[in-house]
Amino acid sequence: MGKIGACNCQMEKIFPDRESEFHMLDTAKIGEIVRQERKHLGLRQDELAAASGVGLRFIVELERGKPTAQIGKVIAVLAALGCDLQIRRPGADMIAGQSA
């Protein structure tokens, strides 16, 4: 699995502050981001599937926001798009991931 291109998308769990309710990406938003980045790179769904090592059906369902998508496969698709996944603590301290 290799990078097809570089994108600046960042998927983060964002805690605006400790007192307020936190905002977290849902599967629909993740699917939307994957679709946007795939189109930005000029890729068809089957091309992204091949580059990610997943099936075409997985890409279709991921882009539709399927809530039961396997996290390992989602990470593989994000990596193929050149995206990274970040998880942040309240106060924006990074727990895991890489900066774009």
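## Strand E3 and Gln86

Gln86 sits in strand E3, which covers residues 84-88. Helices (H or I, at least four residues) and strands (E, at least two) are DSSP runs, numbered from the N terminus. Gln86 is buried, with a relative accessible area of 1%. Buried means under 20% relative accessible area, exposed means over 50%, and partly exposed lies in between (1.4 Å probe, protein chains only). The side chain of Gln86 is joined to that of Asp84 by a polar contact of 3.1 Å. A polar contact is a pair of N or O atoms within 3.5 Å; within protein, one must be able to donate a hydrogen and the other to accept it, and residues adjacent in sequence count only if both atoms are side-chain atoms.

## The model and its confidence

This is a predicted model, in which local features need pLDDT of at least 70 and side-chain atom pairs count only at pLDDT 80 or more, while totals for chains, interfaces and linings use all residues. Residues are numbered from 1 along each chain as its sequence is written, and side-chain values use heavy atoms, with hydrogens and water left out.

pLDDT is the predictor's confidence in each residue, from 0 to 100. The chain has a mean pLDDT of 79, and 68% of its residues reach 70 or more. Over residues 1-8 the pLDDT is below 50, and this stretch has 22 contacts in the model beyond near neighbours in sequence. A contact means heavy atoms within 4.5 Å. Residues 10-22 also have pLDDT under 50, with 30 contacts beyond four places in sequence. Where pLDDT is low, the predicted coordinates should not be read in detail.

## The chain as a whole

The chain contains 4 helices and 4 strands. Their order along the sequence is β-β-α-α-α-α-β-β. Of the 100 residues, 34% count as buried. The chain exposes about 6,200 Å², and carbon and sulfur atoms supply 51% of this area. Accessible areas come from the Shrake-Rupley method with a 1.4 Å probe; for residues, only the protein chains shown count as cover.

Among contacts with a separation of 6 or more, 56% are between residues 24 or more positions apart.

## The nonpolar core

The largest nonpolar core has 14 residues, of which Val34, Leu48, Phe58, Ile59, Leu62 and Val77 touch the most other members. Helices H1, H2 (45-52), H3 and H4 (71-81) each supply at least two residues of this core. H4 gives the largest share, 5 residues. A nonpolar core is a set of buried Ala, Val, Leu, Ile, Met, Phe, Trp, Tyr and Cys residues joined through side-chain atoms within 4.5 Å. In soluble globular proteins, nonpolar side chains tend to be buried together.

In H3 the buried residues are Phe58, Ile59, Glu61, Leu62 and Glu63. These buried residues of H3 pack against H1, H2 and H4. Leaving out residues up to four places away in sequence, Phe58 touches Ala69, Gln70, Lys73, Val74 and Val77.

## Salt bridges

The whole structure holds 7 salt bridges. A salt bridge is a side-chain nitrogen of Lys or Arg within 4 Å of a carboxyl oxygen of Asp or Glu. Side chains of opposite charge can pair when their charged atoms come close. One of the salt bridges joins Glu63 and Arg35, with the closest N and O atoms 3.9 Å apart. This pair links distant parts of the chain: Glu63 is in helix H3 (residues 56-63) and Arg35 in helix H1 (residues 27-40), 28 residues apart. Glu63 is buried at 4% relative accessible area, whereas Arg35 is partly exposed at 27%. Arg35, Arg38 and Glu63 are linked in a network of salt bridges.

Glu47 and Arg44 also form a salt bridge, at 3.3 Å from N to O. Glu47 is partly exposed, with a relative accessible area of 29%, and Arg44 is partly exposed at 48%. In another salt bridge, the closest N and O atoms of Glu61 and Lys66 are 3.2 Å apart. Lys66 is partly exposed, with a relative accessible area of 33%.

## Gly65 after helix H3

H3 is followed by Gly65, which has a positive phi near 85°. Gly65 lies in the loop between H3 and H4 and counts as buried, at 10% relative accessibility. Apart from neighbours within four places in sequence, Gly65 is in contact with Thr27 and Ala28. Gly65 and Glu32 are 33 residues apart in sequence, with their C-alpha atoms 7.5 Å apart in space.
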